[in-house]
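Hello,

Here is the structure I promised to pass on to you. Please have it open while you read the notes that follow.

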Amino acid sequence: MPELPEVCLYVHALDARITGQPLERVRLRSPSLLKTFDPPVSELVGKRVRAIGRIGKRIALHLDDNLHAVIHLMIAGRFQWRDPGAPIPRKRAAGALDFPNGTLLLTEASRKKRMSMWVVRGDEAVRQLDPGGVEPLEVDFSGFRAALTRENRTLKRGLTDPRLLSGIGNAHSDEILLAARLSPLRLTRQLSTGELRRLYDATRASLREWIERLQAEAGGEFPKKVTAFHPAMAAHGKFGKPCPRCGTPIQRIVYASRETNYCPECQTGGRLLADRALSRLLKRDWPRTPEELEAIRTPGRG
């Protein structure tokens with residue numbers, strides 16, 4: 001699932017291509033894509049894109065007349081940029097937004113149609129789609145500490161809770177926690193001020209590094225193969241590979257369909273975190289599926 005750095009990559013690419021452009025046509029293939037009916041999606045046609053923004057893991061197109069199209073790619077959704085009027089593929093395509101200079105395809109490589117689009121009017125309606133977490137690259141240390149310790153959760157859960165912090169998911173939380181040398185199962189209210197400061201600094205440094213890296217790799221091209229896993233990641237998806245900090249093999253916790261990667265030497269004092277022994281804790285504190293986690297990110301609009 002695209003997280004803050006990947007969403008920023010899309011925002012950067014879209015801003016260069018469609019800001020200032022009129023939306024000429026909206027073509028929807030998947031009936032499950034559109035989550036709102038008032039205002040109708042047809043009202044977007046002819047409106048000029050004024051700005052591209054990010055709301056957590058969502059991408060917002062802000063158009064004339066205070067209209068907004070907010071898109072959540074979820075796990076398998078992606079954007080593709082094509083020539084103007086490009087046909088919508090028969091498979092794995094949810095729709096298309098046509099502009100004079102190109103077509104933005106909305107694709108979804110899954111039979112489970114999770115990608116969502118909301119069409120709303122007014123700034124307040126946009127705010128209702130925001131789960132409320134603080135922006136990790138904008139908040140100061142005091143605000144970060146207050147958000148993370150508002151509830152006593154595991155660090156893994158606290159970092160990925162959109163009501164606390166905006167835009168961080170499974171992949172980048174693994175990278176942040178390795179950089180901060182903290183166990184994913186430490187409770188947020190157990191951290192010392194020094195540990196919280198270390199986590200704050202690691203969060204900001206890691207996210208900035210990945211934003212810069214992804215944009216540099218894309219160059220001026222529209223990003224392809226956007227995913228929350230990258231071969232250069234230190235922990236996420238690296239089970240059994242040596243930790244780049246100390247050489248110890250990266251370990252993992254698997255709970256339901258979610259996986260957490262960590263270095264036992266750097267993060268847990270050399271201890272392995274046993275899945276079965278942790279099942280009670282995980283059941284209480286972690287969602288069973290990514291969809292369950294995302295459900296709390298979307299207020300009940302329909």
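To begin with a term, pLDDT is the predictor's confidence in each residue, and it runs from 0 to 100. In this model the chain averages a pLDDT of 89, and 89% of the residues score at least 70. The model is predicted, with local features needing a pLDDT of at least 70 and side-chain atom pairs counting only at pLDDT 80 or more, while totals for chains, interfaces and linings use all residues. Residues are numbered from 1 along each chain as its sequence is written, and side-chain values use heavy atoms, with hydrogens and water left out.

Helices (H or I, at least four residues) and strands (E, at least two) are DSSP runs, numbered from the N terminus. Among these elements, helix H3 (residues 141–148) has the highest mean pLDDT, 98, whereas helix H9 (residues 290–295) has the lowest, 50. Where pLDDT is low, the predicted coordinates should not be read in detail.

Some backbone details follow. The peptide bond from Asp38 to Pro39 is cis, with omega near 5°, and Pro39 lies in the loop that runs between strand S1 (25–28) and strand S2 (49–55).

Asn66, in the loop between strand S3 (58–63) and strand S4 (67–72), has a positive phi, near 60°, although it is not a glycine. Asn66 counts as partly exposed because its relative accessibility is 34% (buried means under 20% relative accessible area, exposed over 50%, partly exposed in between, with a 1.4 Å probe and protein chains only).

Arg181, which is likewise not a glycine, has a positive phi of about 60° and sits in the loop between helix H5 (170–180) and helix H6 (193–218). With a relative accessible area of 37%, Arg181 is partly exposed.

Best wishes
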